[in-house]
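Work through the exercises below with the model open. Try each task before reading its solution.

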Amino acid sequence: MASKDVLLKVDNLTTTFQTDEDSITVLDDVTFDLHHGESLGIVGESGCGKSVTALSIMRLLPKPAGQVVKGTVTYNDENLLSLSREKMYTIRGKKIAMIFQEPMTALNPVHRIGKQLGEIYQIHFPEMSEAESHAAQIDILEKVGIPSPEKRLREYPHQLSGGMRQRVMIAMALSCKPDILIADEPTTALDVTTQNQILNLMRELQQEINMSIIFITHDLGVIAEMCDRVIVMYAGRIVEQAPVKDLFSTPHHPYTKGLLESIPRLETPPKSRLEIIEGLVPNLKNIPEGCRFRSRCDFEVEDCSKTDPKGEPIGDESHRTVACIRWQELSS
Amino acid sequence: MTAYFIRRFLLIIPTFLGITILVFTVTRMVPGGPIERMLTEAQLASGDQVSFQSNNQGIAGSTLSESQLNQLKEYYGFDKPILESYGIWLKNILLLDLGYSTRYGEPVWESIKQRLPISIYYGVMTMLLTYMVCIPLGILKAIKHKTHIDNISSILVFIGYAIPGYVMGIIVITIFAFYLEWFPLSGFTSNNFDELSFIGKVKDILWHSVLPLIAYMSGAFAVMTFLMKNSLMDNLAADYVRTAMAKGMEFKTAVVKHAFRNSIIPIATNFGENITLFLAGSFLIEKIFNIDGFGLLGYESLVERDYPVVMGILVIGSLLSLIGNILSDICVALVDPRVRFGA
């Protein structure tokens with residue numbers, strides 16, 4: 001893999017959360033690269049560490065409970081995790097922006113849209129005049145498809161619909177033309193039509209300003225539509241990484257296969273039973289030894305409890321990794 | 001928003017009427033009114049002999065003649081049908097004529113008016129100082145959650161909360177006024193108050209009010225401080241604070257510009273309530289420090305069954321609480337735009 005093409009490099013990222021009794025490892029040895037102009041999807045069940053990955057990169061983990069204990073996040077030859085706080089302020093929002101799942105609560109209810117949008121220009125372009133900032137705000141709102149932006153700037157978040165608010169969030173995130181956009185379940189709280197509009201909008205804007213997107217979702221449909229490459233996470237680990245087409249055509253990890261089988265399809269006969277993955281995600285407080293998925297896996301053998309599978313690259317397909325000791329025999 | 005407040009103000013009228021009806025009914029129904037009290041007083045004044053006689057003859061006889069009794073009844077409106085006397089009373093109230101105290105014979109409005117400045121002074125001071133201490137302390141505690149500063153201030157605040165105000169009053173009087181003699185024992189002003197210069201007067205009042213204020217406020221910190229702390233902590237964890245941080249905003253700025261404004265919404269809700277609280281005062285503290293305030297007046301007139309005063313205080317008190325409620329609403333609307341448009 002051409003390393004000069006790599007924009008963001010995450011190595012061995014391990015994050016723990018401190019509870020009253022003990023500390024829980026919610027992210028274990030996560031390693032991946034993000035390339036220029038690429039859309040990288042991160043998919044997995046609730047609590048598998050998708051959002052924590054994003055927050056760890058942004059250094060926005062809830063303090064003091066959440067802590068990155070190991071690993072590096074390299075951006076522009078610098079480790080974001082060891083940057084000074086002041087330096088980090090200049091990266092957040094300007095170089096790496098983030099949008100969140102819940103547009104209802106992600107905007108401050110007591111401030112007007114114009115104020116919240118204007119803050120970004122104040123922070124990152126303090127030399128900008130009031131009028132310039134106002135013009136830029138209208139410009140960006142138009143770009144994200146908000147009608148009569150002049151009026152919207154004077155309104156409060158509760159006067160906007162969910163889709164509108166998410167557009168405002170996108171406008172905020174893109175106002176500095178960041179290199180990387182981290183979108184944490186940006187469409188989960190929206191209805192399907194709005195979801196589609198937002199996804200289209202993100203794709204258009206991505207091409208326009210040539211940024212990379214880390215797209216966090218539990219919706220494989222969204223992944224198929226939006227992403228170039230996919231990371232599948234399970235219980236704080238990456239279990240499989242692959243280009244999106246390969247993942248859908250030839251999934252290697254039993255968990256990925258299970259996920260794909262559990263999507264309802266048009267061609268299955270009506271009223272037939274939907275395939276599911278039996279069982280629940282293991283409690284992160286006491287993770288079973290060996291493979292974390294084995295208790296729910298149909299292909300568990302004795303060795304699965306002995307070896308802890310690491311993500312191994314697959315042949316010359318350098319973009320693919322899978323963390324399963326039996327993947328070869330299972331795929332053949 | 002204007003329409004909303006006009007509606008709120010208009011609602012005062014029926015609410016106030018309801019309150020007057022209740023006050024009137026209650027004072028009418030409770031046994032032992034002013035006439036009975038006067039009878040007993042007259043009996044006591046005229047000695048044993050008469051009292052023995054009156055025992056035989058019941059209330060009607062004794063010291064007061066039939067015509068005197070009727071005069072009294074007429075004076076208090078007991079001779080008229082209840083609705084009519086309510087109407088007269090209500091009309092008088094609206095003209096600020098609250099009747100005459102049966103105890104002192106002076107107009108009720110006069111004795112209330114005399115006490116108002118003292119009660120307002122203590123009330124406003126208590127409220128200002130409470131806000132000035134509790135809001136910054138709450139913010140500090142929220143940001144330094146679970147550190148030494150947080151824990152120690154919690155202990156202090158709870159000790160203050162656990163000690164009743166009058167006990168605190170006795171403690172501070174004993175230490176600072178009796179043994180150390182730093183502050184006066186009681187009163188609102190010194191005896192030579194009238195001779196003092198303006199600055200001297202201000203100093204004199206402040207000097208007299210230090211100990212009572214400590215007694216008033218020692219318990220007041222807990223609720224407000226923790227309200228502020230918890231509400232700010234909720235808001236610090238809110239999504240929009242994370243959004244602000246994700247924009248590149250510094251943590252401190254995010255706290256001030258985003259979390260703080262949202263966390264004073266519950267404090268604003270409390271604002272009007274405090275206005276009534278401070279006017280009611282605490283008669284025990286007023287008694288200890290010999291302050292002639294509202295609380296003491298209310299308590300004494302109740303014990304003496306001085307109904308015109310009791311009714312006057314109830315009416316004015318409830319009017320103030322109505323105004324306090326509206327002030328709360330205005331405060332909330334000022335900090336929370338959702339309220340402004342929602343109504």
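The exercises cover a core, a surface patch and aromatic rings.

This is a predicted model, where local features need pLDDT of at least 70, side-chain atom pairs count only at pLDDT 80 or more, and totals for chains, interfaces and linings use all residues. Residues are numbered from 1 along each chain as its sequence is written, chains are lettered from A and ligands numbered from 1 in the order in which they are written, and side-chain values use heavy atoms, leaving out hydrogens and water.

**Exercise 1.** Find which residues M202(A) is in contact with, leaving aside neighbours within four places in sequence.

Solution. Contact means heavy atoms within 4.5 Å. Apply this to M202(A): the partners are I99(A), I170(A), L181(A), A183(A), P186(A), I213(A), F215(A) and M226(A).

**Exercise 2.** Name the geometry of two ring pairs, F158(B) with F226(B) and F178(B) with Y179(B).

Solution. Rings of Phe, Tyr and Trp (its six-membered ring) pair if their centres lie within 6.5 Å; planes under 30 degrees apart are stacked, over 60 edge-to-face, the rest tilted. F158(B) and F226(B) have centres 5.0 Å apart and planes at 35 degrees, so this pair is tilted. F178(B) and Y179(B) have centres 5.1 Å apart and planes at 80 degrees, so this pair is edge-to-face. Both F178(B) and Y179(B) are exposed, and both belong to a nonpolar surface patch (residues with over 30% relative accessible area and no salt bridge; nonpolar side chains joined within 5 Å).

How values were computed: Patches are made of residues with over 30% relative accessible area and no salt bridge: like charges are joined within 9 Å, nonpolar side chains (Val, Leu, Ile, Met, Phe, Trp, Tyr) within 5 Å. Accessible areas come from the Shrake-Rupley method with a 1.4 Å probe; for residues, only the protein chains shown count as cover. A salt bridge is a side-chain nitrogen of Lys or Arg within 4 Å of a carboxyl oxygen of Asp or Glu. Buried means under 20% relative accessible area, exposed over 50%, partly exposed in between (1.4 Å probe, protein chains only).
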